[in-house]
Amino acid sequence: MKLLICDDDISTVDVIQSQLDCGELGITRILRAYNGDAAIRLIDRERPEIILCDIGMPRRSGIEVLKYIHEKGYETEFCFLTCHEDFAYAKAAIQYGARNYITKPFAVEELKTAVQGMASAAGKKRDAMRLAGQPQRDSVLNNVLRQISYGTAGTSPDSVESVLRRNGLSLSPLSRWYMVMLCADLTDAIQSVWDRELLLYSVGRLHDEVLAGYIGSAYSMTDYDGRFLRCTGFVPAENCGEAELTDRCHTMLALCAEHFSLRPSILVSGAFPLHRAARIREEMAGKLPRLRVHTGKIFSMEEIGSSAGDPVRLLDTNQILLYLKRHDRKGCMEYISFAVRQAGTSGEYTRAVLDDFRRELVNIFLSCLRDNGISSRVLFEDGVVTGLNTASIPTQTNLLRLAERLFVLTEEALRDLVDADDIIAKADAYIREHFRENINREDVAAVACITPNYLSKQFRSKKGMNLREYINKIRIDEAKRLLLSTNLPVSEIAGMTGYDNISYFSTVFRKHVGMSPVDWRLEKGGADREA
């Protein structure tokens, strides 16, 4: 469930967001807008179930936003937050379907009660929709496919047909299907603030849309094992050939990387009759662990081989980690050079062997970074690594070059992790250069090549304040300088120091200085006039 807070006073939005217990209310995401046009764009794109909206806003008023929702027929629970107590506003609110009308200043408990009521109403609407139409059909079909794939519906054509008929489905047990299994490490996605359950749901929906060509959640089943996500999906063979399915899998890989920070591996079956789904799923599940080191790749059942279980390891992970701990690049390279020679059969290197070696090598260093809370960008945004890792035909020489580059980058990242002062110095330099822009902790963390959570922890430890407070301090220091050295209007100085909203600028300035920007300028005698 999504909540949109729309108010041109940023501090009001901050207070509301900080006071709401999203988990208790069932709210999975909070959206923010500071004018009516921005609110409408978010409403069209995100369809929030709950909206808290000020009436007096730039560009479009809250009344216009509510009228737009009413005309579009969007299902939302709407509440006004306003300083106006005029009956005309209340009448308009009722006319266009607003649930609540709260005047400022409001009591926090009053706000919580209102949001709780709207969340409850939105939940009831959502549950009612699930009991009718497509959501109900999706649920029935998904449950039946799950039963068939796990063998609880039987494995003979007759037993499967009985389950299909009993649930009112017109499918045939002899209809042809593909099964697609996706496996991905969740670490980067969770570090980029994805909620685990929401991620599983989103990947399942994407699986249905991209692979099965269906908007809904009928054909996919998602779960996770430790840090690995698995999504198993059915694709009707009558609407998709093998070549087209491979193209769709490539699209799935690209979208997972772009939107979820996932680098999955995908295993695809051949076409099979529906009543054999349990056997196919069991065979594929047995082979899936072999794909965990082959990130970003697509395999058919034939390509992955006929034997189940984990692959023969070409490298000793613990040995490489020991070299990293000792900062022994030379020793590591001698070991990897020996391993490359041993990987060949009678001195001959097949492309498959070298590909396996390359994937295993990358995964060892990648896992080391993830285990230390360091973003995979350290490796995948490096041009040398990207070029060597994506070369169509790997060679022994290129593998050794790749190994050395991976060692160097990982060693540097681990050293930076220990040297917190250097991390803060990088962050500080970036903030001072870009504080006039709309920067956030994700932007700063990317520059320091660490995760946002680790940056926040180190920043508070070293600076005695959180990252947002520090950015505001830098901005206010610059604003004070401009107030003293120029006659520019306060509104213009606010914009020059990174504040789009003069009200929020004044609030932050008063918090840091103890008085408004105008009063401070007059007290210090830094300007002849205030425009």
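**Exercise 1. What is the volume of the second largest pocket, and which residues lie closest to its centre?**

Step 1. The space in the second largest pocket comes to about 1,600 Å³. On a 1 Å grid over the protein atoms alone, a pocket is an open set of points with protein on both sides within 12 Å along at least five of seven lines, whereas a cavity is a set of points where a 1.4 Å probe fits but cannot get out; lining residues have an atom within 4 Å of a point. Grid points are joined across faces, edges and corners, and a volume is the space filled by probe spheres set on the points.

Step 2. The lining has 38 residues, and I10, D14, R32, Y34 and R468 are the closest to the centre of this pocket.

Step 3. Helices (H or I, at least four residues) and strands (E, at least two) are DSSP runs, numbered from the N terminus.

A word on the model before going on: it is predicted, so local features need pLDDT of at least 70 and side-chain atom pairs count only at pLDDT 80 or more, while totals for chains, interfaces and linings use all residues. Residues are numbered from 1 along each chain as its sequence is written, and side-chain values use heavy atoms, with hydrogens and water left out.

**Exercise 2. In what order do the five strands of the open sheet stand, and which helices pack on them?**

Step 1. Read the order as β2-β1-β3-β4-β5, with parallel pairing; two strands pair if DSSP finds at least two bridges between them.

Step 2. Look at the edges: β2 (29-33) and β5 (100-103) each have a single partner strand, so one side of each has no neighbour in the sheet.

Step 3. Go to the pair β1 (residues 2-6) and β3 (residues 50-54), which run parallel and are joined by four bridges. Within this pair, C6 has C53 of β3 as its bridge partner.

Step 4. Place the helices. Helix α3 (residues 36-46) packs on the sheet and touches β1, β2 and β3, its direction making about 150° with that of β2. Helix α4 (residues 62-72) lies across β3 and β4 (77-82), at about 170° to β4. Contact here means heavy atoms within 4.5 Å; axes are lines fitted to C-alpha atoms, for helices over the stretch in contact, and angles run from 0 to 180 degrees between N-to-C directions.

**Exercise 3. Is D7 buried or exposed, and which residues is D7 in contact with?**

Step 1. Find D7 in the loop between β1 and α1.

Step 2. D7 counts as buried because its relative accessibility is 1%. The cut-offs are under 20% relative accessible area for buried and over 50% for exposed, with partly exposed in between (1.4 Å probe, protein chains only).

Step 3. Beyond its neighbours within four places in sequence, D7 is in contact with T12, V13, A33, Y34, D54, M57 and K104. The D7 side chain also reaches the backbone nitrogen of D9 at 2.9 Å.

**Exercise 4. Which residues line the largest cavity?**

Step 1. The structure holds two cavities of 30 Å³ or more, and the largest has a volume of about 60 Å³.

Step 2. Its lining consists of R146, Y150, M181, M221, T222, D223, R230, T232 and R281.

Step 3. β7 (220-225) and β8 (228-236) each supply at least two of the lining residues; β7 has the largest share, with three.

Conventions:
A polar contact is a pair of N or O atoms within 3.5 Å; within protein, one must be able to donate a hydrogen and the other to accept it, and residues adjacent in sequence count only if both atoms are side-chain atoms.
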